[in-house]
Amino acid sequence: MTDHDDKRAHMPLGLALRGYTGVIQHLSTKDTGSALSDIELESRLIELGFVEGARVEVLHEGLVGRDPIAVRVDNITIAVRRREAMAVIVA
Amino acid sequence: MELPLLHLALVGTPNSGKTSLFNALTGSRQKVANYPGVTVERKEGFFVTPLGRQVSVVDLPGTYSLRGRSPDEEITRDFVLGKASGETVPDLVLCVADSTNLRLTIRLLLELKRTGRPMILVLNMFDIAARRGITVDVERLAKELGVPVVTSIAVRKGGTADLLALTDEISAKLAAEQQDSSWRALSVAELRATQREADRIIADCVSLPARPDTWTARIDAIVLHPVGGLIVLALILFFMFQAVFAWAQPLMDLLKSGFDGLGEFVHATLPEGLLQSFLQDGVISGVGSVIVFLPQIIIIFLFILLLEDFGYMARAAFLMDRIMGGAGLHGRAFIPLLSSFACAIPGIMSTRVIDNKRDRLTTILIAPLMTCSARIPVYTLIISAFIPAKDVWGFINLQGLVMFGLYATGITSALAVSFVIKFFMIRDYGPAPFMLELPDYKVPRLKSIAIGIYTRAKMFLVRAGTTIFSMMVLIWFLASFPQPPAGATEPAIDFSLAAMIGKALEPLLAPVGFNWQIAVALIPGMAAREVAVAALGTVYAIEGGKEAAEQIGQVLATKWSLATALSMLAWYVFAPQCASTLAVIRRETGSWGWMAVTFFYMLVLAYAASFVTYNVAVALGAG
């Protein structure tokens with residue numbers, strides 16, 4: 001981890017606005033309010049490439065409530081609702 | 001000695017280009033069926049290797065892992081493990097990767113390796129990767145992964161030559177290296193570990209340029225813009241429906257005159273009598289009046305396949321997710337619902353991509369309200385007979401506008417029904433997640449589209465040749481027997497069984513403005529909506545002679561009031577006029593109850609809509 005990452009406050013990806021760039025610190029699937037179980041949500045996020053160290057950028061937001069978001073995860077783009085993105089802690 | 005058939009299976013993540021590789025390998029030698037017991041589409045194709053080995057290849061549903069969290073993904077897992085009932089264990093698994101996006105596939109491949117199946121990693125779309133400056137050390141990758149790796153460009157002629165050669169080479173020494181499976185479902189920690197391993201291997205073997213695909217970024221800037229994106233989506237849909245109406249016309253006229261000519265020929269060749277009437281009124285005008293709609297069905301599928309190949313469908317789901325969420329629908333329901341514009345059956349079947357049961361049930365219940373292509377014949381017939389083909393505001397065709405309105409009514413009521421379901425029936429419930437890859441845009445390939453359209457057109461024609469044909473024979477029989485007594489002056493059909501049934505139903509349908517001829521046509525229309533057109537043709541043909549059969553539309557224009565025509569359109573927006581759809585609903589929900597619910601709610605809506613339409617139209621002087 002670089003100094004830059006240490007200085008920046010950790011936050012859930014679910015709160016990031018369009019244009020945000022950061023690096024995934026860890027996954028925390030507790031209390032996201034997702035309909036999925038913690039394990040299921042974590043597995044799916046990993047399967048779509050949300051793993052520690054991956055670079056993320058919020059590319060697009062939906063019209064209603066800025067939701068869902070389109071996130072660049074390393075070199076692919078994933079659409080995800082903010083509720084589930086709350087489990088991805090970035091900095 | 002003739003070698004036994006070699007069994008290949010294609011496995012890969014969604015959007016890996018699996019299907020275009022499948023099309024490139026097999027061309028049109030494809031067989032589409034269902035897996036036994038479930039309704040996941042099973043696509044098998046055949047080809048011959050350069051050394052003359054006969055090969056069967058199965059295109060398995062796309063998946064990110066072998067966990068099997070939906071029926072589709074379970075099929076993929078069981079098939080690879082050799083547990084799928086009635087299936088041969090694949091001799092060789094082709095793991096297909098999009099070369100521009102290796103992370104998720106390499107992880108899947110590491111998991112697949114545990115199954116012990118012999119495997120090849122196919123780096124598909126290698127040309128696109130090269131153009132973007134991605135370089136892959138193929139030899140090193142093969143060494144690190146411990147499986148042979150081959151590059152391919154499925155969409156280019158000869159782009160699969162290396163893969164074919166490697167298949168020959170490997171299949172020659174297959175028997176020696178069968179291994180047992182050590183696969184079991186991965187824990188979260190193992191999942192993370194395999195992704196780390198995959199990322200390490202990629203870091204060693206692949207050099208990625210820093211820049212993403214600029215074209216995708218540019219297009220997405222417009223297409224995924226919160227407001228602009230929705231406008232683009234509306235424009236695409238509007239253009240699609242105008243095209244269906246306008247472009248198909250010349251071809252439809254051509255087909256129609258072809259069938260008319262054939263009818264004339266039969267009329268002139270055969271002696272007057274039952275056989276002549278059967279062939280001309282029952283078979284040729286009946287089946288012909290349905291086949292005439294082939295061009296429109298092809299155009300609808302052309303649009304759906306083009307948008308899918310281009311990569312737009314996932315974007316549409318993204319744009320619609322929250323909007324549909326307001327009506328209690330999942331963003332993923334957008335694709336099944338859009339497919340339902342072609343036909344509710346594939347639409348309902350594709351609700352399997354929705355893994356939450358209740359989201360899936362809601363989508364299934366409303367899918368038949370989407371205007372399927374079988375309604376097009378009915379709409380077209382009535383619109384062209386009753387709505388003048390003039391332009392409004394100078395550039396919009398009024399007929400196209402009415403068509404668009406009917407589609408819009410279907411969509412609006414689907415959303416309303418879904419809202420009611422959410423509000424009254426399924427309350428205690430948090431929204432299911434929406435997680436979807438947005439693939440890079442790709443230029444759609446003509447060959448893939450052509451194969452897709454060909455398979456669908458074939459399905460439609462087979463349907464016309466079987467279900468619709470037998471219904472036409474039935475309606476002709478009902479309309480022709482019993483024969484009128486000698487010396488009767490009324491039209492023959494007045495004495496027939498069809499007239500008796502129709503007249504028995506007439507009191508029920510009179511409040512919505514339907515006459516007994518319509519009542520007769522609605523009965524075979526239960527088997528397939530479009531049959532109603534042919535049935536009306538047959539009823540009026542036997543009533544009015546052959547002149548009537550040639551111009552169903554013109555006959556209707558003289559026999560029906562505008563109010564009846566509008567009422568009929570309203571009826572068709574809602575009516576559960578399709579036995580196959582109901583059968584699929586029963587199969588997919590596993591319940592007669594949900595099938596009955598669908599049937600009755602649609603019937604009630606249809607009757608109510610027709611009743612209101614008819615009475616309002618009569619009150620406005622269109623009676």
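The following dialogue concerns selected features of a predicted two-chain model.

Modeller: Local features in this predicted model need pLDDT of at least 70 and side-chain atom pairs count only at pLDDT 80 or more, while totals for chains, interfaces and linings use all residues. Residues are numbered from 1 along each chain as its sequence is written, and chains are lettered from A and ligands numbered from 1 in the order in which they are written.

Colleague: Why is B:I387 called partly exposed?

Modeller: A residue is buried if 20 or more other C-beta atoms, placed from the backbone, lie within 10 Å of its own, exposed if 12 or fewer, and partly exposed in between. B:I387 has 19 other C-beta atoms within 10 Å, and is therefore partly exposed. This residue is found in the loop between α17 (375-386) and β10 (391-392) of chain B; such helices (H or I, at least four residues) and strands (E, at least two) are DSSP runs, numbered from the N terminus.

Colleague: With which residues is B:I387 in contact, leaving aside its neighbours within four places in sequence?

Modeller: They are B:L398, B:Q399 and B:V402. Contact requires that the C-beta atoms of two residues, placed from the backbone, lie within 7 Å.

Colleague: Why is B:N15 called buried?

Modeller: B:N15 has 20 other C-beta atoms within 10 Å, so the residue is buried. Its place is in the loop between β1 (6-12) and α1 (18-26) of chain B, and its phi is near 70°, a positive value in a residue other than glycine.

Colleague: What makes B:M125 count as buried?

Modeller: B:M125 counts as buried because of its 26 C-beta neighbours inside 10 Å. The phi of B:M125, near 55°, is also positive in a residue other than glycine. This residue is placed in the loop between β6 (119-124) and α4 (126-131) of chain B. Most residues other than glycine have a negative phi, and most peptide bonds are trans.

Colleague: Which peptide bond is cis, with omega near -5°?

Modeller: The bond from A:D67 to A:P68 is cis. A:P68 is found in the loop between β3 and β4 of chain A.

Colleague: How do you know that β3(A) and β4(A) pair?

Modeller: Two strands pair if DSSP finds at least two bridges between them. Five bridges join β3(A) to strand β4 (residues 69-73) of chain A, and the two run antiparallel. A:E57 stands opposite A:R72, and A:E61 has A:I69 as its bridge partner. Three bridges join β3(A) to strand β2 (residues 21-27) of chain A, again antiparallel, with A:G22 opposite A:V56.

Colleague: What makes strand β3 (residues 55-61) of chain A mostly covered?

Modeller: Five of the seven residues in this strand are buried.

Colleague: Which strands are the edge strands of the open sheet?

Modeller: The sheet has seven strands in the order β1(A)-β6(A)-β2(A)-β3(A)-β4(A)-β5(A)-β12(B), with antiparallel pairing. Its edge strands are β1 (11-12) of chain A and β12 of chain B, as each pairs on one side only. Strand β5 (residues 76-80) of chain A pairs with β12(B) over three bridges, and A:A79 has B:L436 as its bridge partner.

Colleague: How many residues does the contact take from each chain?

Modeller: The contact takes 31 residues from chain B and 32 residues from chain A.
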